[in-house]
Amino acid sequence: LAIKDMAGLLKPAAAKMLVGALRKEFPNLPIHVHTHDTAGTGVATMLAAAKAGADVVDCAIDGLSGMTSQPSMGAIIGATAGTALDTGISLSNIEGLNEYWEQVRHLYAPFESGQLAGSADVYRNEIPGGQYTNLLFQSRQLGLEGSWSQVKKAYAQANVLLGDVIKVTPSSKVVGDLANFMVVNSLTPEEITANAANLDFPQSVVQYLRGEIGIPLGGFPEPLRTQVLKGQDSIVGRPGASLPPFDFEGARVHLEARFKNNVITDEDVVSHALYPTVFDDFQNHRMKYGNVSLIPTHAFLHSLELGETVHFTDNLGRDCEVKMLGSTAALPATGMRQVLLEINGEPRVVQVRDEKVAPKLNSKGSEKADPIDAGSVGSPMSGVVVGLKVSKGDTVEKGQPLCVMSAMKMETTVTAPITGVVERLGVGAGDSIQVGDLLVYIKGGPDFIGATLDAS
């Protein structure tokens with residue numbers, strides 16, 4: 001029996017009570033306890049579970065433990081040494097492993113969340129450990145770097161709005177997307193409930209309420225579900241039962257035609273089936289830059305220091321020696337700088353875009369939507385325009401999709417707030433935009449409807 005405490009909510013006394021009751025009822029049943037150390041009580045909880053009769057408790061090597069990870073392996077080994085719960089593992093035997101993983105973690109420092117300590121408010125917000133740092137990073141990408149405390153509070157509120165769901169991938173993502181949506185748009189739970197029929201919710205929220213990831217314990221919240229779906233059909237029963245068979249061979253042919261220079265493997269086909277957008281981004285990156293996994297990790301994630309040399313084998317099997325000789329200052333207007341390298345003894349100058357200096361590629365934002373004008377449709381979040389559903393001159397109905405936005409895997413379909421004609425487009429596919437930037441201007445409202453009736 002596995003006890004999965006995904007948010008680290010299981011406290012020592014509760015672990016003793018739960019595991020003890022299970023052990024008394026099922027004396028021969030193997031019990032395995034999993035938790036996260038977000039609040040800082042993970043080691044104490046695992047020790048309490050072990051004393052109550054758990055056979056296995058999860059932990060992490062010291063250099064990767066603590067906070068949203070699992071509790072420290074070394075602490076558990078040390079605390080049980082010489083007792084009836086002695087693991088039989090010596091601390092000296094894991095020192096080498098710990099040193100290795102500390103070095104690996106240092107290499108991947110650019111991906112650290114910046115979280116410096118545990119947070120006991122997880123007992124209130126119930127954010128799973130595996131989602132906590134991802135949600136923090138997503139919030140920063142949405143421009144909410146200074147609003148993390150509000151996001152955590154909104155997460156608890158979003159969870160209640162959605163029916164107090166069991167939060168694990170992918171249901172936890174739904175709650176997180178709604179929380180960010182609420183903070184970005186300064187919406188309270190009461191405003192969500194009152195205006196649900198007129199809001200453009202993240203796609204994951206709509207899919208959840210349609211039943212695409214199953215039916216939650218206790219059912220869906222009403223009338224929120226009906227208002228959000230706006231007449232869309234919902235799935236009855238288990239989603240997989242009505243899912244049409246996937247054409248794997250057809251997908252392979254499609255991928256081979258689209259990415260002609262790459263060999264398409266079975267793993268590629270499955271990746272495309274599960275995560276089509278992410279897979280496309282990966283393949284496009286590989287077509288542009290080649291197999292960057294051949295470059296040593298530190299050279300890929302960190303800038304080379306002046307005079308530093310790196311060795312690797314390129315895509316064609318050739319040995320390469322690359323030395324950093326210097327670079328020019330970045331041009332403020334474009335962010336481009338010249339970088340002088342020595343590749344296998346030959347000098348080479350390459351143009352590199354410095355993203356710290358350059359404005360965002362394809363960034364828009366020169367025109368803001370007018371919040372008073374119903375036909376002036378603004379972006380509900382910062383992100384990228386994935387695709388436009390309308391063109392200039394199109395007649396649109398209220399609720400009709402206009403465009404799809406994306407930010408850190410959170411997709412939102414923006415719909416028309418009124419019936420009318422698309423007078424102009426403020427963005428194009430691929431544009432990076434900020435909250436409130438004009439997406440589409442629709443000329444419509446009562447005058448448009450009256451004119452249409454007169455013409456007919």
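**Figure 1. Overview of the predicted chain.**
The model shown is a prediction, and the chain contains 17 helices and 15 strands. Taken along the principal axes, the box filled by the C-alpha atoms is roughly 90 × 70 × 45 Å. Of the 456 residues of the chain, 39% count as buried.

**Figure 2**
Strand 11, which covers residues 401–407, pairs with strand 12 in the antiparallel sense over six bridges. Strand 12 is largely enclosed by the rest of the structure, because five of its six residues are buried.

**Figure 2. The open sheet with the order 12-11-9-14.**
Four strands make up this open sheet, and their pairing is antiparallel. The edges are taken by strand 12 (410–415) and strand 14, each of which has a single partner strand, so that one side of each is left without a neighbour in the sheet. For strand 12, this edge position goes together with a setting in which five of the six residues are buried.

**Figure 3. Strand 13 and its pairing with strand 10 and strand 15.**
Strand 13, made up of residues 420–425, pairs in the antiparallel sense with strand 10 (residues 395–396) over two bridges. In this pairing, Val 421 of strand 13 stands opposite Thr 395. Strand 13 also pairs in the antiparallel sense with strand 15 (residues 438–444), here over five bridges. One of the contacts with strand 15 involves Leu 425, whose bridge partner in that strand is Val 440.

**Figure 4. The salt bridge of Asp 280 and Arg 258.**
Side chains of opposite charge can pair when their charged atoms come close. Eleven salt bridges are counted in the model, and one of them is formed by Asp 280 with Arg 258, with the closest N and O atoms 3.1 Å apart. Asp 280 lies in helix 15 (residues 276–289) and Arg 258 in helix 13 (residues 248–258), so the pair ties together parts that are 22 residues apart in sequence. With a relative accessible area of 14%, Asp 280 is buried, whereas Arg 258, at 43%, is partly exposed.

**Figure 5. The salt bridge of Lys 368 and Asp 437.**
The side chains of Lys 368 and Asp 437 meet in a salt bridge, for which the N to O distance is 2.7 Å. Lys 368 is found in the loop between strand 7 (346–353) and strand 8 (376–378), and Asp 437 in the loop between strand 14 (432–433) and strand 15, so the pair ties together parts that are 69 residues apart in sequence. Lys 368 counts as partly exposed at 47% relative accessibility, while Asp 437 is buried, with a relative accessible area of 1%.

**Figure 6. The salt bridge of Asp 314 and Arg 318.**
In the salt bridge that Asp 314 forms with Arg 318, the closest N and O atoms are 2.7 Å apart. Asp 314 counts as buried at 14% relative accessibility, whereas Arg 318, with a relative accessible area of 49%, is partly exposed.

**Figure 7. A negative surface patch.**
Asp 62, Glu 95, Glu 99 and Glu 102 form a negative surface patch. Glu 95 lies in helix 4, which covers residues 91–107, and at 48% relative accessibility Glu 95 counts as partly exposed.

**Figure 8. The surroundings of Ile 215.**
Ile 215 belongs to the loop between helix 10 (203–210) and helix 11 (224–229). This residue counts as exposed, at 54% relative accessibility. Although Ile 215 and Gly 237 are 22 residues apart in sequence, their C-alpha atoms are 7.5 Å apart in space.

Terms used:
Residues are numbered from 1 along each chain as its sequence is written. This is a predicted model: local features need pLDDT of at least 70, side-chain atom pairs count only at pLDDT 80 or more; totals for chains, interfaces and linings use all residues. Side-chain values use heavy atoms; hydrogens and water are left out. Patches are made of residues with over 30% relative accessible area and no salt bridge: like charges are joined within 9 Å, nonpolar side chains (Val, Leu, Ile, Met, Phe, Trp, Tyr) within 5 Å. Accessible areas come from the Shrake-Rupley method with a 1.4 Å probe; for residues, only the protein chains shown count as cover. A salt bridge is a side-chain nitrogen of Lys or Arg within 4 Å of a carboxyl oxygen of Asp or Glu. Lys and Arg count as positive and Asp and Glu as negative; His and the chain ends are not counted. The place of a charge is taken as NZ of Lys, CZ of Arg, CG of Asp or CD of Glu. Buried means under 20% relative accessible area, exposed over 50%, partly exposed in between (1.4 Å probe, protein chains only). Two strands pair if DSSP finds at least two bridges between them.
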